[in-house]
Amino acid sequence: MTDAALTMPRRAFIQRHPAVLVFLACLALFTLAVTLLAEGTGTGVISTSFVKTLGKTLCLCLVALAMDLVWGYCGILSLGHMAFFGLGGYAIGMWLMYARTEIIVAESLAQAPLPPTPDEIRDGIATQIFGVVGASEFPPIWALAHSLPLQLAAVVLVPGLLALVFGWLAFRSRVTGVYLSILTQAMTLALALYLFQNDSGLRGNNGLSGLQNLPGLGDVPQSTVSMWFFWASAVALGAGFLLCTWIVSGKFGSVIRAIRDDETRVRFLGYPVEAYKLVIFTVTAVIAGIAGALYYPQAGIINPAEIAPIASIYLAVWVAIGGRGRLYGAVIGAAFVSLLSTWFTGGQAPDIPLGFYTIKWVDWWTVLLGFSFVGVTLFAPKGIGGLFDWIADKRSPDRHGADLGPDQGALREQEAER
Amino acid sequence: MSTLLEVSGVSVSFDGFKAINNLAFQIGERELRAVIGPNGAGKTTFMDIITGKTRPDEGRVLYGEKSLSLTGLSEARIAREGVGRKFQRPTVFEDQTVAENLMLALRNNRNPLAVLFSSPNRADHTRVGELAEEVGLTAHLGRKSGELSHGQKQWLEIGMLLAQEPRLLLVDEPAAGMTPAEREHTTDLLVEAAKTRAVVVVEHDMAFVRRLGCKVTVLHEGSVLAEGSIDHVTQDEKVIEVYLGR
């Protein structure tokens, strides 16, 4: 067989996927640079709050990877992945809030003449946490909040199980395309509305706060804590990139791309399409949950507004602008757009006086983002990632709107040779 | 020769229109069969029923020596039982290479977790090479299948079907849009395939059917009008009236 080299990729994983090495090298360099320049560990050029912004951006890149896997590779435009992200945040937030309040309550009760009973401490914590919504009892979902390992398990299990059940119901009835998107959006909206209620047990629209303070580590300055989370986010993003590359590179990746392009045909090849979608949907929901669990301790607060459908729509916009169907595209899109968004909405972008009207970017940024999204969709469907093809001269043929092959979608031979 | 597929008393209607009406059809283990009929005779619906895309209102579809009923199974399950289908338009995965397309179709475990945790072994790669050779695409293994010509795509799809190692192969208008040379190649592929499995070819083109040299079933208004050799059916008066004599 002369074409053994083509059909037998027997080389090492890294060799077959040079993008992984480049990506990990860039991530390592970036992490090193931030570490050397940060307030907590380096010269202090980068403020602690900006370290947190960068750390949060890495988490957003991770959830964008998940979105690219489910949308760019498998063709499921999910508008629910930021909900899984939020659930991960809530899961870790419950422990952070519980454990920190426990220390405060224990300290204040320690001055009492009689040592407090465990029940008294528990009541004290409940009053502290739920006083804001007029309750003083722990709702049942807080039953495990005292245990870090159990809440860490919840970070993975809650989004995973929700995705599994929701996905099973949706895929089994063969809901696809825009209807599936609407369904996932409905799920997200329902979850957000539920969490907005005061009696949801998660403090309604107050959400969970004070998450930046690690229990028992009150003496450690935020400049140091922020670096810990920054490093953890960088490691998670690197691991996520490796995992996603592994998933999409083998035969499994081939099957999900085939499902994206022609689901019916894959079914007639004998593949249980619904099971594949379910695996991808659930795995990406878990990735999103982990990303959320790293994000919210850096943000310090989580409330139901973070779960609203608009967040998931933004996620889709990042992936589209970065270039879906390629993993580094999703990362670039998320980093680029979210950092730009921070700059514009943070009041740092200079206003543009037009004489009769002044463009204030805080208000006009979303409009600009909307136009960019439309522009990218219409004129550069490959997004920012397409620039790499352009540099590598891997241009796709310019069809000038005409069909070229005997069938729609076919490429001409001479074009393919480029 | 034992029967591989037996369709009996099958009817299906869409919004009151009877697309298939009390259809009976049988095919043996290693048999080549052509199914012809005018537009709207129910040829595609007939294939949809066998492959599980459409559920019949009544009737039985029994398959294999265990007489497995196909009417309640999913498309994927029926495909795994060994029923392969080729659509009229070549449907290959244009964004993936010829080798990837063939690899997808290879008869292996289809379970998602099994696919995720295993990688193609040497035997799989060898098999892909052999299949490419068989359909004449060895030189194109590394190319994206979207770049292939129409005829090459048809062959790739036939290669993918062979990779599935189906016991029953349903082929919808394989010669549509092909050059005479490509038609000849396709005829050879189908005749060769029918030596080891049952092949049902749905075709419009009488010259092509004649070249296949096999038993012919004529469908009309959802049921069988005539069955026999090509010469037999082309002389049948009913057939001439509804189909050939126009």
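Helix axes here are lines fitted to C-alpha atoms over the stretch in contact, and the angles between them run from 0 to 180 degrees between N-to-C directions. Two packed helices are described by the angle between their axes together with the distance between those axes. The model discussed here is a predicted one.

In chain A, helix α14 (residues 327–345) and helix α15 (residues 361–379) have axes that come within 8 Å and cross at roughly 150°. Angles over 145 degrees count as roughly antiparallel, so α14(A) is roughly antiparallel to α15(A). On the α14(A) side the residues involved are S341(A), F344(A) and T345(A), and they meet W361(A), V362(A) and W365(A) of α15(A). Sorted by class, this contact has 4 nonpolar and 2 polar residues, with no charged residues.

Chain A as a whole has 17 helices and 4 strands. Its radius of gyration is 24 Å, close to the 22 Å given by the globule rule for 418 residues, so chain A is as compact as a globular protein of that length. The C-alpha trace of chain A spans about 90 × 55 × 50 Å along its principal axes. Of the 418 residues in chain A, 41% are buried. When contacts in chain A between residues at least 6 apart in sequence are considered, 74% of them join residues at least 24 apart.

Chain B has 10 helices and 10 strands. A compact globule of 246 residues would have a radius of gyration near 18 Å, and the value for chain B, 18 Å, agrees with this. Along the principal axes, the C-alpha atoms of chain B fill a box of roughly 55 × 40 × 35 Å. Buried residues account for 47% of the 246 residues in chain B. Among its contacts between residues at least 6 apart in sequence, 67% join residues at least 24 apart.

One part of chain B is an open sheet of 4 strands in the order β2-β1-β4-β5, with antiparallel pairing. The edges are taken by β2 (17–28) and β5 (68–69) of chain B; each has a single partner strand, so one side of each is left without a neighbour in the sheet. Inside this sheet, β1 (residues 3–14) and β4 (residues 58–63) of chain B pair in the antiparallel sense over 5 bridges. S8(B) has R60(B) in β4(B) as its bridge partner. Helix α1 (residues 43–51) of chain B lies across β1, β2 and β4 of chain B and runs at about 65° to β2(B).

Parallel pairing also occurs in chain B. Strand β6 (residues 83–86) of chain B is joined to β7(B) by 4 bridges, and the two run parallel. Here V83(B) has L168(B) in β7(B) as its bridge partner. β7(B) also pairs with strand β8 (residues 198–202) of chain B, in the parallel sense and over 5 bridges. In that pairing L170(B) stands opposite V200(B) in β8(B). Of the 5 residues of β7 (residues 168–172) of chain B, 4 are buried, so this strand is largely enclosed by the rest of the structure.

What remains is the contact between the chains. It takes 35 residues from chain B and 33 residues from chain A. On the side of chain B that touches chain A, α2 (75–80), α3 (98–105), α4 (112–117) and α5 (122–134) of chain B each supply at least two residues. The largest share of that side, 5 residues, comes from α3(B). By class, the side of chain B that touches chain A has 13 nonpolar, 12 polar and 10 charged residues.

Note on methods
Residues are numbered from 1 along each chain as its sequence is written. Chains are lettered from A and ligands numbered from 1 in the order in which they are written. This is a predicted model: local features need pLDDT of at least 70, side-chain atom pairs count only at pLDDT 80 or more; totals for chains, interfaces and linings use all residues. Two strands pair if DSSP finds at least two bridges between them. Two residues are in contact if their C-beta atoms, placed from the backbone, lie within 7 Å. Ala, Val, Leu, Ile, Met, Phe, Trp, Tyr, Cys and Pro count as nonpolar, Asp, Glu, Lys and Arg as charged, and the others, Gly among them, as polar. The radius of gyration is taken over C-alpha atoms; the globule rule is 2.2 Å times the number of residues to the power 0.38. A residue is buried if 20 or more other C-beta atoms lie within 10 Å of its own, exposed if 12 or fewer, and partly exposed in between; C-beta atoms are placed from the backbone. Angles under 35 degrees count as roughly parallel, over 145 as roughly antiparallel, 65 to 115 as roughly perpendicular and the rest as oblique.
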